[in-house]
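Please read it alongside the coordinates.

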Amino acid sequence: MNTKLYTQVHSLAKGLLNAAENENDAVFYRQYDELKLICELNETSNKNHPVQWETLADFTEDIDDALAYYQKALGLADAINAHDYIASIHFSMAKFLVEQGKIERALDAAELAELHASKNEDEALKQEIAELISTLI
């Protein structure tokens with residue numbers, strides 16, 4: 001992944017979290033729009049990466065838009081056979097679906113996250129996924 005892109009996305013994610021915690025809608029939406037623009041500009045370039053779309057989805061309130069962004073992230077992660085990203089995206093999607101009250105769909109996403117997490121070494125992610133699944137069954 002391009003280091004500059006990662007730094008931009010990470011910085012915006014921190015800013016979005018901070019703005020949300022402080023209930024600063026103006027800053028939140030300005031940074032959200034900046035992240036969305038980065039995603040759109042990179043979509044047709046070699047900088048297009050699943051992490052930017054997953055991050056955008058994580059901060060998107062509209063369920064249909066968020067799920068579309070997660071799907072873009074999954075397509076990119078699948079294209080590079082990145083099981084760590086695929087697991088993370090499915091896990092994020094599962095948590096989002098829980099928040100939306102879509103428990104059956106959340107369980108499906110969590111189980112896909114578990115499947116892909118088993119193909120990498122991230123023990124913390126595996127544990128978080130297992131904990132989520134245990135609350136959903």
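1. Buried means under 20% relative accessible area, exposed over 50% and partly exposed in between, with a 1.4 Å probe and protein chains only. Thr 60 counts as buried because its relative accessibility is 5%. Thr 60 lies in the loop between helix 3 (50-58) and helix 4 (63-79); helices (H or I, at least four residues) are DSSP runs numbered from the N terminus.

2. This is a predicted model, in which local features need pLDDT of at least 70 and side-chain atom pairs count only at pLDDT 80 or more, while totals for chains, interfaces and linings use all residues. Residues are numbered from 1 along each chain as its sequence is written, and side-chain values use heavy atoms, with hydrogens and water left out.

3. The side chain of Thr 60 comes to 2.6 Å from the backbone oxygen of Leu 56. Leaving aside residues up to four places away in sequence, Thr 60 touches Tyr 32, Asp 65, Ala 66, Tyr 69 and Phe 96 (contact means heavy atoms within 4.5 Å).

4. Helix 6 (residues 103-117) comprises 15 residues and spans 20 Å from first to last C-alpha, close to the 21 Å expected at 1.5 Å a residue; the expected span is 1.5 Å times one less than the number of residues. Its buried residues are Ala 106, Leu 107, Ala 109, Ala 110, Ala 113, His 116 and Ala 117. Helix 5 (83-99) and helix 7 (123-136) are among the elements covering them.

5. Leu 112 also belongs to helix 6, but counts as partly exposed because its relative accessibility is 38%. Leu 112 and Asn 48 are separated by 64 residues in sequence and by 23 Å between C-alpha atoms.

6. The axes of helix 6 and helix 7 come within 9 Å and cross at roughly 150°. Axes are lines fitted to C-alpha atoms, for helices over the stretch in contact, and angles run from 0 to 180 degrees between N-to-C directions. Helix 6 is therefore roughly antiparallel to helix 7 (angles over 145 degrees count as roughly antiparallel, under 35 as roughly parallel).

7. What is the relative direction of helix 1 and helix 3? The axes of helix 1 (residues 3-21) and helix 3 come within 10 Å and cross at roughly 10°, so the two helices are roughly parallel to each other. Leu 5, Val 9 and Ala 13 in helix 1 meet Val 51, Gln 52 and Thr 55 in helix 3.

Key: A polar contact is a pair of N or O atoms within 3.5 Å; within protein, one must be able to donate a hydrogen and the other to accept it, and residues adjacent in sequence count only if both atoms are side-chain atoms. Angles under 35 degrees count as roughly parallel, over 145 as roughly antiparallel, 65 to 115 as roughly perpendicular and the rest as oblique.
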